[in-house]
Amino acid sequence: MPVFRLRRRHLTVAVFAGSLALPGLAAALSLDEALRLAEDQAPSLAAEAANLEAARQSAIPAGALPDPRLSLGLRNVPIESDAAWRFDREPMTMQAIGFTQEVPNRAKRRARIEAARAGVDVAEQRQQIARLEVRRQVAEAWIATRSVDEKLSLFKQLYDENRLLERAVRARIAGGGGSTADAVVPRQEAALLAEKEDELRRTQAVARAALRRWIGAAAEQPLSGAWPDWPTDAVWYRSHLQHHPQLQAYEPLTRQAEARLNEAIADKRPDWGWGVEYGRREAFGDMLSLNLSIDLPLFAGTRQNPRIAAEEARLAQVSAEREDALRRHTEALSADLAELQRLQSTLARLEQTLLPLAADKVRLTLADYRGGRGDLGSVVAAREALLQTRLRRIDVARDRALANARLHFAFGETP
């Protein structure tokens, strides 16, 4: 009995696993799931994580003293007379071992620590920007794929409507109305629909490939969920422009540049060092030496001052780049908000006015044709206009979602 139960359990698991492999039963891919998968798999995020770890490790020894130095040597060995190369004839001949330690001044070490800490913050900000960029591109790929899928989903209905048109044309011809040449018009329309469908299939393959770049094989799953709709409060965006991640990145960059400037200024203060040396003599008493060394920055005009000027210029560069970025993002925000408003108005007009009117026109022209009051060309033109309006509605919905995504992810994902 236990063996039978075990085999039945294995069979159930196998059937379930096999069902997941069937295209018709594949799990649907939501936008949230695509974003999660991309964060787990994106090589760019792995690179930024490694860069952050490198910055953290580099910050550990930033304020430490330089490694001490061990020295070994022979002192005052005679090379002439009978005492040449003898260690026991001259009182100053000795075998020496010494230890020295260089000590940079305190201001310099503080500046190095601050520069390292700022470097960690820069790496963290870069990681956040990279994460948002990945999420934005994944959202755009998912939206583009969804738009193509939605267009393709229209074609079953379009082919059904085409068959209805063909029956209406045949009935009209059988009743003695219209021209016998009208019989080929529905077939021409069907061929044109197939051609447009083929073009959309190619676009779908390109869109799926873009999505596959981020999430791998999961991109082949059918998509689920409505168009994303994140907050679009223009007042909120404008009031939070200073919190744009790419602008916030300039704060640690500024601190890093200031720390390097402080380190350059600290070069004008003398560093110092100390050392101890023990000397062993063969025939005389051993000796101990102590020493203290101090740097003398006497030529600041050609050494320290040019470096200070260079770091001041780099600090000014960071400040100017931040101001330039602020102006660019202010301009981009105004343009994106205006574009989003336009797309929202266009989408509402299409759904509330243009689509119903186009559908009414098809219905009325077809009724006129069936009643012998209209021609087939008007019906075909009205049907083409309705198709283009349907496709345009999907394009506008896609463009609105893309504009929404650009704003949402640019600001660190709006609440």
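Helices (H or I, at least four residues) and strands (E, at least two) in this talk are DSSP runs, numbered from the N terminus. Two strands pair if DSSP finds at least two bridges between them.

Before the details, a word on the source. This is a predicted model, where local features need pLDDT of at least 70, side-chain atom pairs count only at pLDDT 80 or more, and totals for chains, interfaces and linings use all residues. Residues are numbered from 1 along each chain as its sequence is written, and side-chain values use heavy atoms, with hydrogens and water left out.

I'll begin with the strands. In β3, arginine 280 is the bridge partner of glutamine 95. That bridge belongs to the pairing of β2 with β3 (residues 272–280), which is antiparallel and runs over nine bridges. β2 (residues 94–103) also pairs with β1 (residues 69–75), again in the antiparallel sense, over seven bridges. There, alanine 96 of β2 stands opposite glycine 73.

Next, the surface. Phe99, Trp272, Trp274, Leu292, Ile294, Leu296, Leu298 and Phe299 make a nonpolar patch of about 870 Å². β3 and β4 (287–294) are the elements that give two or more residues to this patch. A patch here takes residues with over 30% relative accessible area and no salt bridge; like charges are joined within 9 Å, and nonpolar side chains (Val, Leu, Ile, Met, Phe, Trp, Tyr) within 5 Å. Areas come from the Shrake-Rupley method with a 1.4 Å probe, and for residues only the protein chains shown count as cover.

How exposed is tryptophan 274, then? Tryptophan 274 lies in strand β3 and counts as partly exposed because its relative accessibility is 36%. The scale is this: buried is under 20% relative accessible area, exposed is over 50%, and partly exposed is in between (1.4 Å probe, protein chains only).

On to salt bridges, meaning a side-chain nitrogen of Lys or Arg within 4 Å of a carboxyl oxygen of Asp or Glu. The structure holds 40 of them. One joins aspartate 267 to arginine 307, with the closest N and O atoms 2.4 Å apart. This pair links distant parts of the chain, 40 residues apart: aspartate 267 is in the loop between α9 (250–266) and β3, and arginine 307 is in helix α10. Aspartate 267 counts as buried because its relative accessibility is 19%, while arginine 307 is partly exposed at 31%.

Two other pairs sit within helix α10. Arginine 342 and glutamate 339 form a salt bridge, the closest N and O atoms being 2.9 Å apart. They are three residues apart in α10, about one turn of the helix. Arginine 342 is partly exposed at 43%, and glutamate 339 is partly exposed at 29%. Arginine 363 meets aspartate 360 in a salt bridge at 3.6 Å, N to O. These two are about one helical turn apart because they are three residues apart in α10. Arginine 363 counts as exposed at 52%, whereas aspartate 360 is partly exposed at 32%.

Last, the largest pocket. Its volume is about 430 Å³. Its lining has 21 residues, and Leu158, Glu161, Glu189, Arg383 and Glu384 lie nearest the centre. Helices α5 (155–174), α6 (184–215), α10 (304–370) and α11 (376–410) each supply at least two lining residues. On a 1 Å grid over the protein atoms alone, a pocket is an open set of points where a 1.4 Å probe fits, with protein on both sides within 12 Å along at least five of seven lines, and lining residues have an atom within 4 Å of a point. Points are joined across faces, edges and corners, and the volume is the space filled by probe spheres set on them.
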